[in-house]
Amino acid sequence: MYPFFSSLIGLLLFTHQVFAQEFHTIEDAVKMENGCIMLTADKPYQRGIAYCKTKLDLSKYFEIEFDIYLGKKNDNGADGITFVIHNDTRGFRAIGTWGECMGYGRWNRGYYGGNYIAPSVAVEFDTYQNYRQNDPTCDHVAYLENGTNYHTKYWNNKDTRFNLEDGVLHNFRFRWEPTIQQVTVYLDNVVVHRGKRDLVKDIFKGNTKAIWGFTASTGNKHNLQFFCLRRWAQAPSNKNIKTSPTRRR
Ligand SMILES: [Ca+2]
Ligand SMILES: [Ca+2]
């Protein structure tokens with residue numbers, strides 16, 4: 001191997017290992033040799049959560065980009081991953097319910113018992129239909145708040161057979177623009193959610209610092225699920241459209 005490439009790979013591995021060390025892991029979440037963090041193994045009744053040790057500052061612009069892997073079993077896979085930003089009083093130990101709640105939310109939107117993460121905003125990558133959460137038959141992405149998985153809107157690329165359990169990494173970006181109070185979410189470079197919301201005032205009761213990370217779980221059905229951080233930018237980029245080298249479709 002050429003020295004340049006070997007040193008480049010060394011640098012990338014070093015960067016990845018530093019990345020993994022920057023996260024608290026809870027329950028079934030574990031740091032992987034490739035520097036990514038596994039949230040659930042391909043086993044039933046798993047719950048894994050990982051939080052970055054550095055909080056977000058919601059008074060400032062940021063864009064977080066990562067790759068997620070939701071498994072390769074379409075029919076027998078479950079349940080999905082959420083990206084979460086929260087100010088739960090449990091801090092870095094905050095957890096939600098397992099199974100369809102993906103380690104983020106609660107069984108029913110009107111039921112406040114059990115574990116759920118709030119106050120919070122989240123984006124779910126849901127790979128299993130649950131009627132209680134108003135899920136469509138296909139895999140989908142949805143914006144969530146305050147530990148409730150129930151949603152009335154979702155994105156599925158207008159494809160009733162949309163599938164995220166396809167054995168490849170999917171690129172995800174979450175952008176917060178405080179000056180216009182706008183959240184934009186991209187999946188594989190397509191806008192899957194854009195909404196105006198005063199997160200600081202309406203969700204976090206005036207607090208500008210928030211914990212962020214990922215949650216995932218499985219139930220009777222299961223998949224390997226993990227994430228890899230790619231970029232955390234705190235200034236707007238000129239590149240609005242970019243290609244993902246990890247996308248192999
Ligand atoms: Ca579901
Ligand atoms: Ca699927």
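Two strands pair if DSSP finds at least two bridges between them. Strands here are DSSP runs of E, at least two residues long, and are numbered from the N terminus. This is a predicted model, in which local features need pLDDT of at least 70, side-chain atom pairs count only at pLDDT 80 or more, and totals for chains, interfaces and linings use all residues. Residues are numbered from 1 along each chain as its sequence is written, while chains are lettered from A and ligands numbered from 1 in the order in which they are written.

Select S11, residues 182-187. Find leucine 187: its bridge partner in S12 is valine 190.

Now widen the view. S11 and S12 belong to an open sheet of 7 strands with antiparallel pairing, ordered S2-S3-S14-S6-S10-S11-S12.

**Stop two: strand S7.** Select residues 80-86. Of these 7 residues, 7 are buried (20 or more other C-beta atoms within 10 Å of a residue's own, with C-beta atoms placed from the backbone). In a regular strand the side chains alternate between the two faces of the sheet. Gly80, Thr82, Val84 and His86 point one way from S7; Ile81, Phe83 and Ile85 point the other.

**Stop three: the partners of S7.** Show S8, residues 120-126, which pairs antiparallel with S7 over 7 bridges. Glycine 80 has aspartate 126 as its bridge partner in S8. Next, show S13, residues 209-217. S13 also runs antiparallel to S7, joined by 7 bridges. Here phenylalanine 83 stands opposite phenylalanine 214.

Methods
Helix = DSSP H or I, 4+ residues; strand = E, 2+ residues; numbered from the N terminus. Buried ≥ 20, exposed ≤ 12 C-beta atoms within 10 Å, placed from the backbone.
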